[in-house]
Amino acid sequence: MENVKINGNEILFQRAGELVRITPCGNNAIRFQGFPDCSIIDENYTLMPQNVDCEIIQEERSITMVQGKTKVVLKNNGKVTFYHNDNKILEEQPELTFHNGYRNYLNRHSGIWSCRVTFEANENEHFYGLGHSMNNPFDLKGGVYDIINTNANCVIPYVYSSLGYGFIWNNPSIGTVELANNRTRWKTDSAKFIDYVVIGGTPKEVTQTLADLTGHSPEMPDWATGFWQCRLRYETQEKLLEVARRYKKENIPLSVIIADYFHWTEQGDYKFDPKYWPDVKAMTDELHNMGTKLVVSMWPTINENSENYQAMKNANMLIRTTRGSDRVFNFYGWQAEIDVTNSETREFVWSKLKQNYLDKGVDALWFDEAEPEIHPEQFDNILLKKGRGDVVGLLYPYYYVKMAYDGFKSMGRDDIITLTRCAYLGSQKYGALVWSGDIESTFESLKCQVHAGMNMAMCGMPWWNTDVGGFYGGDTTSEYFRELIVRWFQFGVFSPVLRIHGNRERHGEKSNLKEPSGDPNELWSFGDENFEILKDLVTLRENLRPYIKENMLTASEKGYPIIRPMFFEYPDDEICYSLDQQYMFGDDIIFAPIVNQGQKVKKFYIPNGKWTLTMNGKECEKGWHEVNVSKKDFVALVRENSTVIEAFNL
């Protein structure tokens with residue numbers, strides 16, 4: 001085959017307008033790169049290629065690389081085809097006749113290209129991943145998806161295919177992916193090259209390799225596995241403490257309480273307003289004596305009224321713009337935002353966070369607006385230290401949580417967890433607890449969150465949660481919401497982290513503060529009947545904590561998420577690829593959330609084995625089942641002979 005060079009473990013193929021490099025990069029993983037400038041750019045972004053061997057076979061009209069059970073064949077016309085266990089899993093689709101037109105590049109400006117790669121569609125193929133969204137289906141096949149982060153839409157450019165492979169689009173630029181019935185196409189609007197990785201194997205095999213290539217999550221702190229209380233918002237130190245004291249009095253275990261935004265003096269100051277929070281150290285000491293940790297919200301927004309603004313602006317620590325003002329977000333006035341891709345920014349901001357929060361006993365941080373949120377959503381208008389926003393913008397949440405991880409490590413802390421509204425490939429290794437953003441308080445939203453949790457889990461993000469009850473539109477006095485909060489809380493119990501939050505519609509006292517809170521959002525805020533139900537669910541969560549800790553250790557070691565689509569454990573059962581309203585919760589629990597208003601019957605499927613239905617102790621075997629449910633009932637099943645059955649007091 002002409003125009004091919006073999007340099008150790010890499011294949012180089014050159015033709016008019018393109019240089020291709022193919023390398024092995026992990027267990028059953030092969031990386032493809034296409035450079036339209038015809039020179040190699042050694043940029044991994046967040047990918048961590050592994051040093052693995054391969055076999056290269058050169059023939060007259062093709063060249064083949066084999067790594068483990070995965071191989072790629074490159075033809076002399078430029079076409080690539082991937083196989084696993086000798087089964088074809090991914091094949092490029094030509095855009096021109098006579099089997100020509102593989103990969104397309106359009107120059108945007110110096111060194112930046114619009115790039116796309118197109119693959120043949122496969123009948124009966126299913127796709128999962130792409131992070132979480134407000135409205136994505138469980139099976140992503142047949143859809144077109146924007147690769148851009150916005151509030152409640154966190155795109156992780158990775159999918160797992162039911163044909164038995166994972167696909168990493170190793171490109172932090174803005175783009176689209178078409179998982180259509182006539183083709184699969186990945187496109188970036190502004191990049192320097194095409195870069196993707198194909199990983200062959202079962203869901204477990206691929207997930208473990210994905211963790212090796214992007215990073216393993218730390219071991220989750222034990223305190224994070226309990227119940228987290230939050231609302232929009234506790235306006236003062238005393239109001240927050242009153243809530244924590246009430247939980248203590250009610251004998252309800254409270255692991256975490258959160259001080260949300262506008263506890264500060266000004267956006268960008270990174271400190272409590274002493275008028276309303278007069279003694280932070282005394283507050284954290286009292287919370288710790290009650291067995292409760294304090295998490296504090298931090299935003300990347302800043303304006304000229306902040307004591308840090310001028311110094312940060314002069315040192316180019318803020319996001320700049322290519323046109324117009326550098327104010328990219330309007331919230332109580334137009335705000336600039338910090339550039340966390342700049343290491344100097346991270347060091348400066350961390351010094352303030354440490355001084356004003358952590359040194360006073362605050363235990364962890366909540367990084368809001370982590371996309372970053374900009375309006376209008378024109379990433380080509382923002383300039384980061386790492387490059388223009390449309391080229392590298394997806395990296396922002398990665399460096400945001402890296403700031404906290406590196407900072408805590410410098411303090412000698414290992415119990416690192418940062419609640420964050422967005423993520424990127426590799427964020428998990430910095431202790432990112434991703435939450436799904438500002439979602440609506442409806443049953444339709446709850447249903448979508450079940451999809452979101454499973455798809456995020458398939459992206460190598462084992463730490464994930466939602467605002468239990470949804471963030472906006474919840475009327476705590478309505479029967480609709482009171483049913484919804486129970487169903488959502490049940491889902492929260494069987495999530496990596498159980499955290500209640502929301503901006504509830506105001507019916508109570510007025511506030512003179514600049515940013516008042518919504519109505520109360522504690523367990524006793526939704527009526528006496530609900531209070532008893534929710535207390536029992538917190539008790540169940542407490543009983544499940546040893547089991548959750550065990551499975552979180554597996555997540556750290558192997559990359560396996562605790563929320564697992566049914567096909568993760570049963571990849572040979574075709575039915576499991578369509579089960580969008582039930583999942584494995586760790587090794588030994590099947591959970592089937594109830595997501596419809598007024599639902600009285602729940603249908604669920606058992607792939608194999610014997611399972612105990614926890615609501616009545618009934619034994620169930622392979623096949624479809626139905627069970628009647630009341631408001632307080634949830635549908636969970638425990639594998640035969642599993643000790644976790646004891647958590648349900650059967």
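Reply: A cavity is here a set of grid points where a 1.4 Å probe fits but cannot get out, and its lining residues have an atom within 4 Å of a point. The model is a predicted one, and in it the second largest cavity is lined by Ala 211, Gly 215, His 216, Ser 217, Gln 428, Gly 460, Pro 462, Ala 555 and Gly 559. This second largest cavity holds about 40 Å³ of space.

Me: Which residues line the largest cavity, and how do they divide by class?

Reply: The largest cavity, with a volume of about 50 Å³, is lined by Trp 264, Glu 266, Gln 267, Gly 268, Asp 269, Tyr 270, Met 298, Trp 299 and Thr 301. Because Asp and Glu count as charged and Trp, Tyr and Met as nonpolar, this lining divides into four nonpolar, three polar and two charged residues.

Me: Why is the pair of Phe 329 and Phe 331 called stacked?

Reply: Ring centres must lie within 6.5 Å for a pair, and planes under 30 degrees apart count as stacked; the two rings, Phe 329 and Phe 331, are 6.1 Å apart centre to centre with 5° between the planes, so the pair is stacked.

Me: Why is the pair of Trp 524 and Phe 531 edge-to-face?

Reply: The centres of Trp 524 and Phe 531 are 6.2 Å apart and their planes stand at 85°, which is over the 60 degrees required, so the pair is edge-to-face.

Me: Are Phe 329 and Phe 331 buried or partly exposed?

Reply: Buried means under 20% relative accessible area, so Phe 329, at 5%, counts as buried, while Phe 331, at 22%, counts as partly exposed. By the same cut-off Phe 531, with 9% relative accessibility, counts as buried.

Me: How do you know that Lys 535 lies over the face of Phe 531?

Reply: The charge must be within 6 Å of the ring centre and within 35 degrees of the ring normal; Lys 535 is at 4.6 Å from the ring centre of Phe 531 and is listed as lying over its face. The charged end of Lys 71 likewise sits over the ring of Tyr 83, at 5.2 Å from its centre.

Terms used:
Residues are numbered from 1 along each chain as its sequence is written. This is a predicted model: local features need pLDDT of at least 70, side-chain atom pairs count only at pLDDT 80 or more; totals for chains, interfaces and linings use all residues. Side-chain values use heavy atoms; hydrogens and water are left out. Rings of Phe, Tyr and Trp (its six-membered ring) pair if their centres lie within 6.5 Å; planes under 30 degrees apart count as stacked, over 60 as edge-to-face and the rest as tilted. Buried means under 20% relative accessible area, exposed over 50%, partly exposed in between (1.4 Å probe, protein chains only). On a 1 Å grid over the protein atoms alone, a cavity is a set of points where a 1.4 Å probe fits but cannot get out, and a pocket is an open set with protein on both sides within 12 Å along at least five of seven lines; lining residues have an atom within 4 Å of a point. Grid points are joined across faces, edges and corners, and a volume is the space filled by probe spheres set on the points.
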